Every structure is written in structure tokens, then in C-alpha cells.
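Try each task before reading its solution.

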Amino acid sequence: NSGGTFHNIIISCLASSGVMGFIPMSVYVVIKVLGAIKASLKQKSFDALYVLPLIVVTMALCNEMVESRILYIVNILSVMFWIMMGYLPNEKKDAT
């Protein structure tokens, strides 16, 4: 990386994409993470398929508060983050 970057993903996203880019991205991440938390809490037994992607995404988001590397830079961390975001389970809606 030849240029300096902000060390916080929120500031980096706001500076690069503005409010119109920040809102959809943050809403998507919040919906996916909350849906995964709800789905994992509904499980009657421990299932690594539900918990492991959630742990990886949570750790990456915590890391992004001090070092922004997953949004505009392509590296192994950013690729793994977006793959794990795709693997996050969704909350199943009951058909009534």
C-alpha cells in the first residue's frame, strides 16, 4: 500500500464513499450479523457451521476499528471476511 489510509473502517468508508455508500454497507453488515446471532441462538445444540463464521466476522470487524484492511484493499483478510459474510446463516422465518 503506497498511500496512507484511515485506521478505522467507518471513517474510511465515509471518506471514500460518503454517506450514500456507508449507509447501505453498514445496514447490510448489521442485518447479516444480527440474523446470524438470532439463527445461532435458535439452535438446540452447538453447531460450528453457525458459530464459526460469526466469530470470524466479529473478530474481523473488531480489528477494522483499529486497522482498515477489508474494504478497499484486496488481501487474504478481506477475501476471508466477505466469504464468511456469505456463510453467515440467516434467521429462518416461520411459514404461518
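**Exercise 1: Aromatic rings**

The count comes to one aromatic pair, where rings of Phe, Tyr and Trp (its six-membered ring) pair if their centres lie within 6.5 Å. This is a predicted model: local features need pLDDT of at least 70, side-chain atom pairs count only at pLDDT 80 or more, and totals for chains, interfaces and linings use all residues. Residues are numbered from 1 along each chain as its sequence is written, and side-chain values use heavy atoms, leaving out hydrogens and water.

Task: Find the two partners and classify their geometry.

Solution: 
1. The partners are Phe-81 and Trp-82, 4.8 Å centre to centre.
2. Their planes stand 80 degrees apart, and the pair is edge-to-face. The classes are stacked (under 30 degrees), edge-to-face (over 60) and tilted (the rest).
3. Phe-81 is buried at 2% relative accessible area. Buried means under 20%, exposed over 50%, partly exposed in between (1.4 Å probe, protein chains only).
4. Trp-82 is partly exposed at 33%.

**Exercise 2: The core**

Task: Which residues have the most contacts inside the largest nonpolar core?

Solution: 
1. A nonpolar core is a set of buried Ala, Val, Leu, Ile, Met, Phe, Trp, Tyr and Cys residues joined through side-chain atoms within 4.5 Å.
2. The largest one has 15 residues, and Val-33, Val-57, Phe-81, Met-85 and Leu-88 have the most contacts inside it.

**Exercise 3: Cysteines**

Task: How many disulfides (cysteine sulfur atoms within 2.5 Å) does the whole structure hold?

Solution: 
1. The search finds zero disulfides.
2. Cys-13 is buried at 2% relative accessibility.
3. Cys-62 is exposed at 51%.

Note on methods: Disulfide = S-S within 2.5 Å.
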